[in-house]
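My entries follow in the order in which I checked things.

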Amino acid sequence: MQTVLITGAASGIGRDTARRFASAGWQCVLVDHNAQALGQLGASLPAPASAPHVLRCIDLTDATQVASLGEGMPALDAVLNNAGMSDASNTPLAEQGPAHTARLLALNLAAPAAVVDACARWLKPGARVVNVASGAGLHAIPWRGAYSPSKAGLIAQTRALARARPDWCVTVLCPGFVRTELVAGLIEAGRLKPEGALAKIPLGRMAAPEEMARALQFLASADAAPLHGQMLALNGGSSVYGGSQPLPAATLAPLPLDTPMELEVRGGDDRAWRAIAQPQPTAQPRYDARLDLSPLHAPAAGLLEAVHASAVRFAARHAQQASLTLLLPAVGVGRWQDAGDGAAARMLVATLACEWGSRALRINALEVQPSFDAQTLHSLLRYVCGAEAQFLTGQVLMCAGNAPEASR
Ligand code: NAI
């Protein structure tokens with residue numbers, strides 16, 4: 001049995017995440033300041049007979065309360081710093097004083113570090129720490145107070161922690177729009193117009209909390225090790241979209257997240273990759289996924305062409321609701337004349353994601369070292385290629401050993 005600590009567990013993403021872990025047999029330490037909602041959640045969860053869930057009613061903006069979190073803590077396999085708040089006051093930043101921003105910064109930026117400090121001695125070797133930041137940490141969202149700065153700070157804090165604790169697996173999830181109470185509150189307050197938000201999301205929809213819960217479950221598992229120090233931007237492609245015209249809304253509802261994947265491996269010897277997806281009985285609905293290895297064998301300055309050729313082949317075969325995942329060689333030191341090719345290939349992945357999104361066609365890439373071990377990437381690829389990650393598109397993920405932030 002494994003144990004996970006989840007902050008902000010009483011609502012939205014945290015609540016769905018707690019349900020997922022509890023259903024998978026984990027012991028959960030659930031932290032929130034909403035005692036009533038926390039109690040209701042705790043009472044509704046299946047609990048392991050040997051180790052009941054632990055409920056901790058704590059205000060995470062109060063440093064003394066956070067420092068006491070370690071008391072009576074069981075040994076932890078993972079910590080998920082999920083609690084966060086936005087600023088719906090509509091007060092321009094230049095009219096805000098430190099008292100206005102203090103609570104938001106305490107919760108979104110100071111608390112994740114304080115929680116890790118308070119729990120560090122209970123974290124098992126190889127433990128996972130996952131911070132929940134936001135797409136708002138990648139692009140400034142005005143008239144939301146210090147929300148964007150706090151989340152940019154959390155992304156940087158994650159990378160710094162990853163460098164400081166190479167013995168853990170430290171990652172950050174950056175959700176895009178998720179239909180939770182937080183987003184409902186912003187819509188109600190007139191701070192968020194859903195149609196305006198959707199027009200900037202290539203996949204043309206918001207995520208369900210369950211999609212974030214699945215990502216957090218993956219990042220909290222030992223299988224996330226290749227992503228140490230990395231960010232998972234799970235936002236329907238909104239972080240890579242730079243166009244000015246409104247994007248079309250999704251025309252298709254996502255498939256159930258448990259839909260088994262039918263994986264086709266192209267562009268190389270598939271033997272090392274077959275175990276990613278087990279063959280399914282033909283009658284069952286499937287999520288079509290292709291893993292294309294051909295960019296790994298591209299000649300110098302030929303990566304852009306290889307990615308394009310792979311995309312053309314994929315689009316000729318799949319019209320909707322499928323995923324293409326590419327393996328790319330890590331950025332190497334080559335001739336300066338060839339340096340643009342790698343960046344162009346990565347931007348091509350993002351551009352294709354924007355063009356394909358409304359049909360729920362996804363494209364992502366994993367960047368790997370020449371000496372990579374296929375086995376260590378199986379679980380990551382199972383997640384990225386499969387139906388669970390239907391809100392993930394346009395991303396290039398660097399795998400262990402490649403991440404400059406993690407290895408610096
Ligand atoms: P939510 O508002 O539904 O849930 C937040 C939880 O944190 C609530 O249970 C609340 O009681 C708890 N909490 C708030 N202040 C607290 C405090 N001082 N002490 C202890 N607990 C406290 O939020 P949601 O949407 O589930 O968001 C979870 C995380 O995901 C947040 O960090 C948020 O910034 C981030 N996020 C959410 C997005 C969305 O579209 N919903 C998009 C991007 C990021």
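**Sheet and helices**

I began with the sheet of this predicted model, which is open and has 5 strands in the order β8-β9-β10-β11-β12, with parallel pairing. I noted that β8 (261–266) and β12 (396–398) stand at the edges, where each has a single partner strand, so one side of each is left without a neighbour in the sheet. I then looked up the twist, which averages 20° from one strand to the next.

Helix α9 (residues 303–317) touches β8, β9, β10 (322–329) and β11 (361–368), and its direction makes about 165° with that of β10. For α11, I found that the helix lies across β8, β9, β10, β11 and β12, running at about 160° to β11.

Which helix did I find packing with helix α11 (residues 374–385)? It is helix α8 (residues 209–219), at an angle of about 175° and with the two axes 11 Å apart. Since an angle over 145 degrees counts as roughly antiparallel, that makes α8 roughly antiparallel to α11. At this contact I listed Arg214, Ala215 and Phe218 from α8, which meet Ser379, Leu380 and Tyr383 from α11. By class, I noted the contact residues as 4 nonpolar, 1 polar and 1 charged.

How values were computed
Residues are numbered from 1 along each chain as its sequence is written. This is a predicted model: local features need pLDDT of at least 70, side-chain atom pairs count only at pLDDT 80 or more; totals for chains, interfaces and linings use all residues. Side-chain values use heavy atoms; hydrogens and water are left out. Axes are lines fitted to C-alpha atoms, for helices over the stretch in contact, and angles run from 0 to 180 degrees between N-to-C directions. Helices (H or I, at least four residues) and strands (E, at least two) are DSSP runs, numbered from the N terminus. Angles under 35 degrees count as roughly parallel, over 145 as roughly antiparallel, 65 to 115 as roughly perpendicular and the rest as oblique. Contact means heavy atoms within 4.5 Å. Ala, Val, Leu, Ile, Met, Phe, Trp, Tyr, Cys and Pro count as nonpolar, Asp, Glu, Lys and Arg as charged, and the others, Gly among them, as polar. Two strands pair if DSSP finds at least two bridges between them.
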